[in-house]
Structure formats: C-alpha cells, structure tokens
Amino acid sequence: MKHLLFIVGDELVLNENFKQSLYRAYESKFKELNEICIQNKIDKELPFLLERLFEQYDFITLFSAPKAYATIAKIVATLSEDTLVLKEDTLVPDKAFYEKNSFVCKFNQMQINVLKVSPNEKLPILLGEVHLNFEFFCLFGIDEESALLLLETLTKSYEVTLKSVKLLENVTLIKVSSFGYGKVESFLQSVQNLFGQKCFLGKNPIEFIVSKLLERNLKISFAESCTGGLCASELTKISGVSAIFEGSIISYSNRIKHEWLGISESVLENNGEYSERCVYFMLKGIFKTAKPDFALAISGLTQTQETQKLKAGTVYIGAMYRDGTYIQEILQLQGDREFIQKQAVLGAFCLLLKLKPELF
C-alpha cells in the first residue's frame, strides 16, 4: 500500500512540537512515516498536483490549516465529481464519510482523508480503512549481516522482502513486506520460532522493554549525566508507566553525583566521572534512593566535549538488578549531540535484555 502524508499550511510546520504531533498521529495509523509532502500555502497548481497524486498513491492523509481547508475540500469534491455541502458545521463532499473536521472519500481505487487542524488544538479523528502489507520486528544479540543470512531461506519460502537497519551493535530493525495475503504473519511466526527471545515485534525496543516491565510490575529508575533526563523522558511517553516509575536523578555535575548519589570525590577526580567505576556507583546510588527493581546509569562525553583521555562520543552505560547483578558497556558514538544522547539511552535500555533475558 503506497501512502502519503500531505501537509498544507506553514502554520502547521512552523510550530515544531505541533508538526511532530501530526507525525505521531499519522505513524500510529500507518506504522511508519513513508513519504511526506509539505506545501506552505494554496496555489493555482494545487488541483493539478492533487490529481497527479491521486494516480500515484493508494491513500493520502492531508492535514490542512483552517484557512486552506475550504479550498481543498472544494478541489477534492470536484475531482471526485461530488458537490460540497455543510454537515454539522463541517464542509465536506456530499458522498464522503465524515466526522467533525475530518472526511474521507474514494477516488477510483484510492482514498483521501482531509482534516482541518489548528496548532494547539486536539486533532480530529483520522478516517479511512488501511490494509498494510508490512510489519516491523527487531532482532537482538545478532549482527545485521548474520541475521539477514539466517532469514534468507525464510524470505524465499514466504515470498517476502526485507529492509533492515542497524539500531545498535547487535540490535537490528527489520521491515518485512509482502503482496500475498497472510504471508507476513506466517513469516513472522517462523522468525519467532527461529530466534526465540532474540526476536520481538515492533520498531521500538524501548517500548517493548517497558511493556515487559509493566507486565511483571518491575520498577525502574535512572541515574543520568550526559543524557540529562532523557531516559526518564522516553519512559514517561508510554502510557501507564506511573506503576513502575517513581523518579530518577539527573546528576550532571560532580557535586550532585557526590551529594545525591553518594559517589566519593576520589572516584570523580581526574575525569573519573567518565568511567565504568563511576557508572557502577551511580547504579548503587540510585538503588539506595529509589529502591527500584532495575536501575540504569549513563555518563559520558557528547560530541562537543573531549578530554585528553577520552574521545567525544564515548559513553559509559550500566544496568543493575535488585539482586546486585549488573552489566556495563562502553559506547563509541558519532553524530550530533542529540543523536548521541538518544543512542546512549537506547543502548542503556537494551542492557536489560542482556542482564535478565529470562524476564523479557
């Protein structure tokens, strides 16, 4: 299924937070952001552009700014040989299915859902039926090349195609697609039989890990330095986490590491805050304060920092369970500051899969 996200109106994209909310709403329905078209305002070429797009895509979701909505609704009605009417304060093509500020209509074999949206207001309901021919899954504990070699026979048997990307060392995200009905589901069942706990469905390892913590009611907390609370932020994006999360400590300075986490000054001296030893005591410190079942700790250097001993992008991560068992790793990351932080957070969460695989 070929689908497109089309946004019309510069006020919808100038507000970055609102634009991201549009992306999330779209992705929750279509499972991915595939192709995106952004047009700042209405122009005389829009009817011809939409007509061409109708021939290229199976489904178009069009978010329109209020000042452009009436014109777009009129264009869609005209192209679908329909008339524009007012129904319950919503201007829609007469034959379209609609909810408040949202309508969907068919044009030959394609569908278009037009929504009138305003920054800082609740989004209308996304309408229209979609039939996706793909799924995402992740493989853990095996490198991308080896994973694809092992999957090669299955892809031929089930006539599916794969696209893969390395999220971390030995964490691979794979998209499986097929034009045959039911083949994706059968393929995924075979993959799970082959890889067992090394395979989990979905494209977000953090969401999978947190879902398992919620199932078992296992609490987690964090001691963060260079990620500045991003572990906690990623966790609290997921509904229901108040059951397993009470708080964490952002220990950006050595003073806070010493006073709040109890790390001795001798450990912190001479760049000791960037070390496996420091991360170990960060884990111990957050256990004393928050008393969780699991703890994660992160300390390191972003791309804007560097010392004589450590290169920028060197990040120390650690995970500990309530029985005192723990695991640590050193990440060598490249990219901008935000990418390094997000990769460090992903790496830290994935340590839980190595620390206690039987729980996940």
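Modeller: Two strands pair if DSSP finds at least two bridges between them. This is a predicted model, in which local features need pLDDT of at least 70 and side-chain atom pairs pLDDT 80 or more, while totals for chains, interfaces and linings use all residues. Residues are numbered from 1 along each chain, and side-chain values use heavy atoms, without hydrogens or water.

Biologist: Happy to start with the sheet: which strands stand at its edges?

Modeller: Strands and helices here are DSSP runs numbered from the N terminus (strands E, at least two residues; helices H or I, at least four). Six strands make an open sheet with mixed pairing, in the order β2-β1-β3-β8-β7-β6. Each edge strand has a single partner, so one of its sides is left without a neighbour in the sheet; the two are β2 (35-39) and β6 (97-99).

Biologist: And what does the twist average from one strand to the next?

Modeller: Axes are lines fitted to C-alpha atoms, for helices over the stretch in contact, with angles from 0 to 180 degrees between N-to-C directions. From each strand of this sheet to the next, the average twist is 15°.

Biologist: In which sense do β7 and β8 pair?

Modeller: Good one to trace on your screen! Across from Lys-106 you will find its bridge partner Gln-111 in β8, while Cys-105 stands opposite Ile-112. Six bridges join residues 102-107 of β7 to residues 110-116 of β8, and the sense is antiparallel.

Biologist: Which residue in the turn of that hairpin has a positive phi?

Modeller: Two residues lie between β7 and β8 in the hairpin. A phi of about 60° belongs to one of the turn residues, Asn-108.

Biologist: What stands opposite Phe-63 in β8?

Modeller: Now look at how β8 meets β3: they run parallel, joined by six bridges. Opposite Phe-63, β8 places Leu-115.

Biologist: How many residues of β8 are buried?

Modeller: Buried means under 20% relative accessible area, with exposed over 50% and partly exposed in between (1.4 Å probe, protein chains only). The strand is largely enclosed by the rest of the structure, because the buried share of its seven residues is six.

Biologist: Which helix touches β1, β2, β3, β7 and β8?

Modeller: Contact means heavy atoms within 4.5 Å. Helix α2 (residues 16-30) lies across β1 (3-8), β2 and β3 (59-64), at about 160° to β1. The helix you are asking about spans residues 46-56, packs on the sheet and makes about 165° with the direction of β1: helix α3.
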